[in-house]
Amino acid sequence: MVAGSTTPSIYYGFYCEESKFYRNLYMSIVWASNMSAMVFLLLPIKFKSYSTASTIRVVSFVLGACGAWFPIIHMRHWRDPDLMYNFDTYPYWLGVTAYLIGVLFFLTKFPERYFKGWFDN
């Protein structure tokens with residue numbers, strides 16, 4: 001979700017030849033961190049306990065969300081006004097915040113922990 005939604009903004013936000021290095025760097029960070037989250041979520045890795053597996057998955061989800069922060073901060077604060085005019089980063093902050101709220105739901109097992117049996121059907 002994060003990789004797919006931030007790729008267009010990174011690609012077009014750093015479209016100029018002068019900022020091609022940053023475009024490639026940030027897209028690599030975002031895609032690598034989100035691909036690692038996918039691997040830790042989908043692979044049937046055997047851990048000694050469920051809490052270890054859950055911790056590793058939560059850390060990979062948080063790194064996936066934080067990988068999108070770097071280009072947003074760069075575009076917001078360190079952009080060259082000649083290369084990028086009035087780029088609004090507010091929608092991207094909302095997306096990253098929604099992703100982190102989802103990580104909190106996964107970490108706290110909400111709502112399954114508080115409404116036992118409600119979601120079993």
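**Ground rules.** I number residues from 1 along each chain as its sequence is written. The model is predicted, so I kept to pLDDT of at least 70 for local features and 80 or more for side-chain atom pairs, with all residues used for totals of chains, interfaces and linings, and side-chain values use heavy atoms, leaving out hydrogens and water.

**Rings.** I looked up the aromatic pairs and found 10. Rings of Phe, Tyr and Trp (its six-membered ring) pair if their centres lie within 6.5 Å; planes under 30 degrees apart are stacked, over 60 edge-to-face, the rest tilted. Tyr11 and Tyr12 pair edge-to-face, at 5.2 Å centre to centre and 85° between the planes. Next I checked Phe14 and Tyr22, a tilted pair with 6.5 Å between centres and 40° between planes. I also noted a cluster in which ring pairs link Phe14, Phe21, Tyr22 and Tyr26.

**Exposure.** My cut-offs for relative accessible area are buried under 20%, exposed over 50% and partly exposed in between (1.4 Å probe, protein chains only). Tyr11 is partly exposed at 34%, while Tyr12 is exposed at 61%. Phe14 is buried at 2%, and its partner Tyr22 is partly exposed at 35%.

**Patch.** I then found a nonpolar surface patch of about 630 Å², made by Trp31, Met35, Met38, Val39, Leu41, Leu42 and Leu43. For such a patch, residues need over 30% relative accessible area and no salt bridge, and nonpolar side chains (Val, Leu, Ile, Met, Phe, Trp, Tyr) are joined within 5 Å; a salt bridge puts a Lys or Arg side-chain nitrogen within 4 Å of an Asp or Glu carboxyl oxygen. Met35 is partly exposed at 38%.

Key: Patches are made of residues with over 30% relative accessible area and no salt bridge: like charges are joined within 9 Å, nonpolar side chains (Val, Leu, Ile, Met, Phe, Trp, Tyr) within 5 Å. Accessible areas come from the Shrake-Rupley method with a 1.4 Å probe; for residues, only the protein chains shown count as cover.
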